[in-house]
Every structure is written in C-alpha cells, then in structure tokens.
Amino acid sequence: MLTRQLYLLNLRIQKQHMDSVNKYTAHIDDILQRRQVRPTANRIAIFRELLNAGGPLSMAELEERLVTIDKSGLSRTLGLFASRHLVHVIEDGSGAAKYEACQGHSDHSIDDMHPHFHCEGCGVTVCLDDTPVPLVSVPDGYEVYSVNYVIKGLCGVCASKYNG
C-alpha cells in the first residue's frame, strides 16, 4: 500500500515539474516570437541557458553547458539573438565576447543596461545589476542602442590571493 502511495506521489510531482517546464518553455517561445525569431529546440535551449546563467557567458562557456549544440549553431544563434535585441554582447577585454539575455521589454531598454565587473585574475565577468549605467548625452540625431560599461580589477577571491 505504501509503495503504491509513493508511486502516485512521485507521478504527481513529475507532472507538476513537467507543467512548470512547459510553462517556462512557452514563456521563452513567446519572447522569441515577439522578436520574430522562430523558436526551435536549439534556440530555446540557448536562450534558457542565458536566462538561467546569472551573468554573461562566453561562447566557450555555452559550448561546455550545451554539449548537444555545435559551435557553428551556437554562433549563428547568438548572432541572430544579437541582431534581434534578445542578448547584450559584452566586450570585457578578455578577447571573447560574452552574451547575456536582455531582460527589458523594449529594444535594449535603459532599464536593462547595467555595468559589469571583469576580474583580471580569474577572468570571470559578473553583472552589477544594482548599479545604474550613467546617462551620457549624445549629439542631436544620435540614437543609443547599447552601453558597454565594464569595470576591471580583481574579485574578492583573487584580491585576497594577490594581496596575501
């Protein structure tokens, strides 16, 4: 009797999990379609990884996390996402562009832009979400689409290693 109850409970938990996954995938489908991007399995997987990453990822980091998608597929998809304003491309000086999912509701919303900190010791780049990007006035007729604000230095772990 207990075994059957555990079996039924396990089935109910699996169903709830799948319902949650399906809602999340539908949310990603909606985001992609709003930017006129056809939601293929690879595109959904890549965008999901960027959303869940908690910070910018390089192509190499995405390759490690998404082993079923080859480098050319990742490259094409990231290029498409950048052209449709689904990702920010961050040049942090490491020699490898990093990609971060846009969270704003409009094309490169100023609410979505924030500085990043790049550790020159370990190479990690992190978001400084609670720090606003300073507003810079540009000449009349200019349109700002993106801001790349990177602060360089040592993270807490590297600073303690180097400073003893």
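Modeller: I start with α2, where Ile44, Ile46, Phe47, Glu49 and Leu50 are buried. Buried means under 20% relative accessible area, exposed over 50%, and partly exposed in between, with a 1.4 Å probe and protein chains only. Helices are DSSP runs of H or I with at least four residues, strands are runs of E with at least two, and both are numbered from the N terminus. This is a predicted model: local features need pLDDT of at least 70, side-chain atom pairs count only at pLDDT 80 or more, and totals for chains, interfaces and linings use all residues. Residues are numbered from 1 along each chain as its sequence is written, and side-chain values use heavy atoms, leaving out hydrogens and water.

First, the geometry of the helix. α2 has 12 residues and reaches 16 Å from first C-alpha to last. That is close to the 16 Å expected at 1.5 Å a residue, where the expected span is 1.5 Å times one less than the number of residues. An α-helix has 3.6 residues a turn, so residues three or four places apart point the same way.

Now its two ends. Glutamine 36 sits in the loop between α1 (2–34) and α2 (41–52). Its phi is near 55°, positive in a residue other than glycine. Glutamine 36 is exposed, at 62% relative accessible area. Just after α2, glycine 54 takes a positive phi of about 80°.

The whole structure has 1 aromatic pair. Rings of Phe, Tyr and Trp (its six-membered ring) pair if their centres lie within 6.5 Å; planes under 30 degrees apart are stacked, over 60 edge-to-face, the rest tilted. Here phenylalanine 47 and phenylalanine 81 have ring centres 5.6 Å apart and planes at 85°, so the pair is edge-to-face. Phenylalanine 47 lies in helix α2 and phenylalanine 81 in helix α4, so the pair ties together parts 34 residues apart in sequence.

Follow α4 onward. Histidine 85 is in the loop between α4 (71–83) and β2 (87–90). Histidine 85 is not a glycine, yet its phi is positive, about 60°.

Then the sheet. Three strands form an open sheet in the order β5-β4-β6, with mixed pairing. Two strands pair if DSSP finds at least two bridges between them. β5 (125–127) and β6 (150–153) stand at the edges with a single partner each, so one side of each has no neighbour in the sheet. β4 (residues 116–119) pairs with β5 in the antiparallel sense over 3 bridges. In β5, valine 126 is the bridge partner of phenylalanine 117.

Strand β4 also holds histidine 118. Histidine 118 is buried, at 6% relative accessible area. Its side chain makes a polar contact with the side chain of aspartate 92, at 3.2 Å. A polar contact is a pair of N or O atoms within 3.5 Å; within protein, one must be able to donate a hydrogen and the other to accept it, and residues adjacent in sequence count only if both atoms are side-chain atoms.

Last, the cysteines. The structure holds 0 disulfides, a disulfide being a pair of cysteine sulfur atoms within 2.5 Å. The closest cysteine sulfur to that of cysteine 155 is in cysteine 119, 3.7 Å away and too far for a bond.
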